[in-house]
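Me: I have a structure to go through with you. Can we take it piece by piece?

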Amino acid sequence: MTRDLTITDVTLTPILVADPPLLNTAGIHQPYTPRLIVEVVTADGTTGLGETYGDTKYLELTRPLAEQLVGRQVSDLNGLFGAADEVVVDASRVTGQADVGGLRGVQTADKLRLSVVSAFEVACLDALGKALGLPVHALLGGKVRDAVEYSAYLFYKRSGENDTWGAALDPAGIVEQARAFTERYGFTSFKLKGGVFPPDQEVAAVKALAAAFPGHPLRLDPNGAWSVETSLKVAEELRDVLEYLEDPATGVPAMAEVAAKSGVPLATNMCVTTFDEIKEAFTQGAVQVVLSDHHYWGGLRNTQQLASICRAFGVGVSMHSNTHLGISLAAMTQVAATVPNLHHACDSHYPWQSEDVLTERLTFDGGKVAVSDAPGLGVALDREKLAFLHQRWLDDDGTYKDRDDAAAMRLTDPHWTTPAVPRW
Ligand SMILES: O=C([O-])C(=O)C[C@H](O)[C@@H](O)C(=O)[O-]
Ligand SMILES: [Mg+2]
């Protein structure tokens, strides 16, 4: 029987998801962060799920794109990207704008479009997989591993309401947090979000982790907050314990200088976040590992393309993560399963998210997420949970609809502004 996979409906549901008070160089996470859940429905009644950033500038691009999808085949992914190219981005959304204090790298109209289209691509792949009885990884060429490894994403943090983690503001607190991550999820590699305290305090925290977990892969990521000189000092202090240093300094020339002088591998989710940025960064030797974020790279197939380019240049590849729910974790896991040259544990914020829109949360076993062989992404939407989180979004007066870590910080530190870089 031939199935009718024409898209007949696209539903967009913005939500606000609880997030603990995690610190980064820009400020602190809001108590609620915006996400967007996309559902694509086909004529034969199959529904596909996708998820992406939910801030206003993304939401305003989703409606025109959704309208263009109705009547297309769910398998027409190339057509989907063509349609996304036509979506007009208001210049004020990109001119002189930094995304979340610059944490996500350059802000361009294309990147905004790709962050939106990625959710539609994932939803179409989910629907197509369900219709064909195939997992998404099969649509992407097949899995090369049965489980995908993730790292514990450690943060300096304050204590929050309904938060079982407690504060972590010094080396002992970070080690305690790392122990909780290993006990709860079995992670064996650790990334510390830095750029929060003066570098010597963060060096001490990484050394404390190295002493507590000898031989385990460690990373430190100050989101470009350091000068070249500071980066070189930190690299020298930590060279024997780091798997890589992530975005120590801002911009390709600074990263290239740190890489050349330190010899410590550098990873990035800031200076290479678009295909256009690859050539300069790779030819200058600025990065040794690119952390793909399938949202802003434009989906799962673009992530595979990025991985192929990295392989051609002898550059490693892994995955970046922002606050996200289970749909995105399932999508990350499906694509990561297909990338032969993925040799570093991927980042995921998921353990920090106490809420989800799925009937069953995804689980980490030994720090890994099993690659689902169920049709599509292998996840199911819990409509009550979705409605609850959407109602929170509707009830919000605008305070949390756009993630702003500096504004969240000002609630307790009224004079806070996003620090200029280099901060140290
Ligand atoms: O690896 C990274 O740079 C990030 O995950 C950026 C994020 O925005 C992270 O710093 C955060 O959520 O605080
Ligand atoms: Mg990073």
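Me: Which residues does the UniProt domain annotation cover?
Reply: The unreviewed UniProt entry gives "domain: Mandelate racemase/muconate lactonizing enzyme C-terminal" for residues 171-265. UniProt positions are in the numbering used here, feature names are shortened, and annotations may be inferred rather than shown by experiment.

Me: And what sort of model is this?
Reply: This is a predicted model: local features need pLDDT of at least 70, side-chain atom pairs count only at pLDDT 80 or more, and totals for chains, interfaces and linings use all residues. Residues are numbered from 1 along each chain as its sequence is written, while chains are lettered from A and ligands numbered from 1 in the order in which they are written.

Me: Back to 171-265. How much is helix and how much is strand?
Reply: The chain there is 54% helix and 14% strand. The end C-alpha atoms of that stretch are 23 Å apart. Helices (H or I, at least four residues) and strands (E, at least two) are DSSP runs, numbered from the N terminus.

Me: Take strand β7. Are its residues buried or exposed?
Reply: Buried, on both faces. β7 is residues 152-155, with Ala-152 and Leu-154 on one side and Tyr-153 and Phe-155 on the other. Buried means 20 or more other C-beta atoms within 10 Å of the residue's own; exposed means 12 or fewer, and partly exposed is in between, with C-beta atoms placed from the backbone.

Me: Why two sides?
Reply: In a regular strand the side chains alternate between the two faces of the sheet.

Me: Which strand does β7 join, and by how many bridges?
Reply: Four bridges join β7 to β8, residues 190-193, and the two run parallel. Strands pair if DSSP finds at least two bridges between them. Leu-154 stands opposite Leu-192 in β8.

Me: What links them along the chain?
Reply: Helix α5, residues 171-185, makes a right-handed β-α-β unit with β7 and β8. Right-handed means that, with the strands pointing away from the viewer, the path from the first strand over the helix to the second runs clockwise.

Me: Which way do the β9 residues point?
Reply: Leu-218 and Leu-220 point one way, Arg-219 and Asp-221 the other way, and all are buried.

Me: New topic. What's around ligand 1?
Reply: The residues around it are Leu-22, Asn-24, Val-100, Leu-103, Lys-193, Asp-221, Asn-223, Asn-269, His-320, Ser-321, Asn-322 and Thr-323. Each has its C-beta atom, placed from the backbone, within 6 Å of the ligand.

Me: How does that shell split by class?
Reply: Three nonpolar, seven polar and two charged residues. Ala, Val, Leu, Ile, Met, Phe, Trp, Tyr, Cys and Pro count as nonpolar, Asp, Glu, Lys and Arg as charged, and the others, Gly among them, as polar.

Me: Where does ligand 1 lie relative to the domains?
Reply: Domain 1 (7-137 + 382-396) and domain 2 (140-370) both give residues to the shell, so ligand 1 lies between them. Those bounds come from an automatic or database domain assignment.

Me: Asn-223 is in that shell. What is its phi?
Reply: Phi of Asn-223 is near 50°, a positive value in a residue other than glycine. Asn-223 sits in the loop between β9 (218-221) and α7 (228-238).

Me: Why does Asn-223 count as buried?
Reply: Because 26 other C-beta atoms lie within 10 Å.

Me: What about Asp-247?
Reply: Phi of Asp-247 is near 40°, also positive in a residue other than glycine. Asp-247 is in the loop between β10 (242-246) and α8 (252-262). Asp-247 counts as buried, with 27 C-beta neighbours inside 10 Å.

Me: Last one. Where's the cis peptide bond?
Reply: It joins Val-421 and Pro-422, with omega about -10°. Pro-422 lies in the segment after α14 (405-410).
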